[in-house]
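Reader: Could you walk me through this one slowly?

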Amino acid sequence: MAPLRCLYQLQVLPASFRRPASMRSRSRLTAVHTLSSHMLQGCRLADRFSVLLSKSPATGGRTTGNRGPCSFHPELRKWRPREFCTRAGSPRQVKDDTAVASSPSSPPCLSVSIHCCKRESDALSEALLCFGASSASIDEPSDLEEDEEICITSIFTIDQDVSTCISFAAKSIGLRKTPNFEVTVSEDFDWIANVKETFQPIQVTDGLWVVPEWSTPPDVHARNIFLNPGMAFGTGEHPTTRLCLILLNGLIKGGEAVLDYGTGSGILGIAAVKMGAAFSVGVDIEPQALSSARQNIALNAIEPGRMPLYLAPVKDQTRSDGLKTRIESFDVIIANILLNPLTELAEELVSYGKPGAVVGLSGILHDQVPQVEEKYSKYLESISVSEMNGWACLAGTKR
Amino acid sequence: MATLKEILTRRPVAATIRLTVPAGGARPAPPVGPALGQYRLNLMAFCKDFNARTQKYKPDTPMAVTITAFKDSTFEFTVRSPSVTWYLKKAAGIESGSSRPGHVVASTVTLRHIYEIAKVKQADPYCQYMSLESICKSIIGTANTMGIQVVRDL
């Protein structure tokens, strides 16, 4: 028998119950680990499988060592999919900051393909969400009739009982029998790689480009900011980032101290330094964002001392000492976050600036502007608003 | 509905994705990541947009969002209020519905709760044409299937 790199793909119709021998003959090794949970439910194949699978620990394909159905206890008689899945996927804890772009710290998830009629697909996907699915997607080929079968791809977390959820969902919309489905444990970096492919160099304004790490800048003489965003926000495409960059472009004359609150990938702080600021400080609430920013700082050949990064305190915690010493020391404060954090942090944000410092706020929609303006009007004067595509950026000077 | 179809056929639709995301908590991690990344949509743009639009809701309320992905990797999405079952569970103070609806009563809610839920639901794009009374009736029906009894005092 082929050495177990552990990956079998089995497709069994729920109604019939195959004997192990025939099932084995239908299985084939693929790089994807798939199993049908109907087959597994309460079946006596458990012992057969345990024999098959206990040969060697799972090292196969792209899975990591701890994803091991092969480390499956041979004594287990009743093999329910939920137990299988929890054994199979303990979340990978990635503590290594520098590897944020390539190995995400999110646990693997189950991707289930469910077959059903086109006319029931809408109702079924709604029902799936109600009963615990994380998401349900339907591909939309336009040339299908109402009665034809289409496939709903649904994602569940690794410890959910997929078959119970699907049968409840089917019953709640009145289907007579539970639809056929297949379960796959899906890899995380598939979708991350997909998303990365979509980044292109962007021209924010005249002479300012944001270029992904892996492409060459279209204009070598312009000011180019190189980025590898990873899981953090700030690629330069979003209207709010562009509004902030344009604001900075107009403000920075040389030698300013800049505070980038909610730095994400670090794009605004890095841009400020490249435009001539003396130094900038980046703060974010997510450690992953900080490691992404650290990478980008290095990518743009900026010394770490010129852009220190701090982790923002979560509610009720005190600020870090590094931040405490910097109160009233910044010429420009820029914060591209969201409405709620902006209103909560108003006093704190403004306290970091010297009198006469310029404060720029973004991440707000056009209809959220009055709220922000009201909250900040007691700290800032001469407030101006610039807008792009329904997003707004507020700028004012500290009193 | 005819005009809606016209609008939809202008750009070829690649897929319809339904998700449940906590309000203000969209991140590129699962569930959003795999579901949208599959169709090469701009995750960050969606997260930022979704978070900005759900700022007015209580943080971490699970919002139902339907995303229409077009073949050119652009997308549009609509956010709806949380499902009726979620509201009922919160109002009744229970974690999950009864295991034997119709026989075992999990908890109770008053008519006032139903009325409040119906008012929130009426703001949904789907229910705007329905009268408050009919929305209430459908909520009571859902409560019955979950094993939650409706008490008739206010």
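Reader: How many salt bridges are counted between chain A and chain B?

Author: The count between the two chains is 4 salt bridges, a salt bridge being a side-chain nitrogen of Lys or Arg within 4 Å of a carboxyl oxygen of Asp or Glu. One of the salt bridges joins Arg27(B) to Glu286(A), with the closest N and O atoms 2.7 Å apart. This is a predicted model, in which local features need pLDDT of at least 70, side-chain atom pairs count only at pLDDT 80 or more, and totals for chains, interfaces and linings use all residues. Residues are numbered from 1 along each chain as its sequence is written, chains are lettered from A and ligands numbered from 1 in the order in which they are written, and side-chain values use heavy atoms, with hydrogens and water left out.

Reader: How many residues does the contact take from each chain?

Author: Chain A gives 40 residues and chain B gives 34 residues, where contact means heavy atoms within 4.5 Å. Together the two chains bury about 3100 Å², with 55% of it on carbon and sulfur atoms; buried area is the accessible area (1.4 Å probe) that two parts lose on being put together, summed over both.

Reader: Switching to chain B itself, how many helices and strands are there?

Author: Chain B has 6 helices and 5 strands, taken as DSSP runs (H or I of at least four residues for helices, E of at least two for strands) numbered from the N terminus. Along the sequence their pattern is α-β-α-α-β-β-α-β-α-α-β. Of the 154 residues in chain B, 45% are buried, and buried means under 20% relative accessible area, exposed over 50%, and partly exposed in between (1.4 Å probe, protein chains only).

Reader: Which residues of H6(B) are buried?

Author: They are Ile135(B), Cys136(B), Ile139(B), Ile140(B), Ala143(B) and Met146(B). They cover an arc of only 140 degrees around the axis, which puts them on the same side of H6(B); the arc is that of the directions from the helix axis to the C-beta atoms.

Reader: And what covers them, and what sits on the face turned away?

Author: The cover includes helix H4 (84-92), helix H5 (111-122) and strand E5 (148-151) of chain B, while the face turned away from the buried side carries the exposed residues Glu133(B), Lys137(B) and Thr145(B).

Reader: What comes just after H6(B)?

Author: Just after the helix comes Gly147(B), which takes a positive phi of about 85 degrees.
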